[in-house]
Amino acid sequence: MTEPRAREPRNALVVDDETRIRDVVQYALEREGFRVHGASSVREARAALAQRSFDLVVLDVMLPDGDGLELCKDLRKTLRTPVLFLSARGDEIDRILGLELGGDDYVTKPFSPRELVARVKAVLRRADGPEKEPERKTRLEHGVLAIDLERHEVRVRRDEGPGELVSLTPTELGLLASLLERPGIVLSRHQLMKRAYAYDNLVTERTIDTHVRRVRAKLRPYGIDPIATVHGVGYRAYDPDAPETSAATGARSEP
């Protein structure tokens, strides 16, 4: 009988100019089976990203030769690799900016290695897609939007053909799919945390609002806004089969 093939280790890139921090993160991730590569600057990080593909990037914001936020922004132009910020800048505006520029999570220093690993697992679980559930659809259609959960793709279909691909991070795709699975049904932020995130205690309501804002911004160039804000409650996707046939109806309010 053939033995099952062991899963290849995931590759993680840890970008931080402090050797001690890189060593702590490397030790924590290697204990979980990761193959860890280190970089101490934006230049080294860009070189590493050009040489190989990574399953995860742990990224400091303040680097000696540049800004980790800008690096993440550039990375998002071509890659969907999950990015977890690790920074001493812990103000709310810093965390929100990191998420809005494409980060999937934001951890402040000093940090707990155990919490960091838990957050890494949560980010990668979202990137891997939803757990296989017999009753859960793998393809969703909502007006001109088509979501393929197995391929991690969102497309806008105007005419015949596959449609135009919309670049969403795994977190954004999970949140959008959670709403579109049940059009017309209001989901509280807590419900969205449980459905779209692996650990509901590792995110905040403001994190949900930030990701909704990012999804709206990415769909806006196509004239689409399927998410309606229900003030004081949460969010819902408009029902394309109901009289509310336009995304503009009740769905333009920012969180």
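Before going on, a word on the model. It is predicted, and local features need pLDDT of at least 70, side-chain atom pairs count only at pLDDT 80 or more, while totals for chains, interfaces and linings use all residues. Residues are numbered from 1 along each chain as its sequence is written, and side-chain values use heavy atoms, with hydrogens and water left out. Helices (H or I, at least four residues) and strands (E, at least two) are DSSP runs, numbered from the N terminus.

Back to α1, residues 19–31. Its buried residues are Ile21, Arg22, Val25, Ala28 and Leu29. Buried means under 20% relative accessible area, exposed over 50%, and partly exposed in between, with a 1.4 Å probe and protein chains only. Seen down the axis of α1, the buried residues fall within an arc of 135 degrees, so they line one face of the helix. The arc is that of the directions from the helix axis to the C-beta atoms. As background, an α-helix has 3.6 residues a turn, so residues three or four places apart point the same way. Arg20, Tyr27 and Arg31, on the other side of α1, are exposed. The cover over the buried residues includes β1, β2, β3, β6 and α5; contact here means heavy atoms within 4.5 Å. After α1 comes Gly33, with a positive phi near 95 degrees.

β1 (residues 11–15) and β2 (residues 35–39) pair in the parallel sense over 5 bridges, and Ala12 stands opposite Val36 in β2. Two strands pair if DSSP finds at least two bridges between them. Together, β1, α1 and β2 make a right-handed β-α-β unit. Right-handed means that, with the strands pointing away from the viewer, the path from the first strand over the helix to the second runs clockwise.

Now α5, residues 113–128. Its 16 residues should span 22 Å, and the end C-alpha atoms are 22 Å apart, which agrees. Among its buried residues are Leu116, Val120 and Leu124.

Last, the other sheet. It is open, with 3 strands in the order β12-β14-β13 and antiparallel pairing. β12 and β13 stand at the edges, each with a single partner strand, so one side of each is left without a neighbour in the sheet. β13 is joined to β14 by 4 bridges, and Val230 stands opposite Gly234 in β14.

Notes: The expected span of a helix is 1.5 Å times one less than its number of residues.
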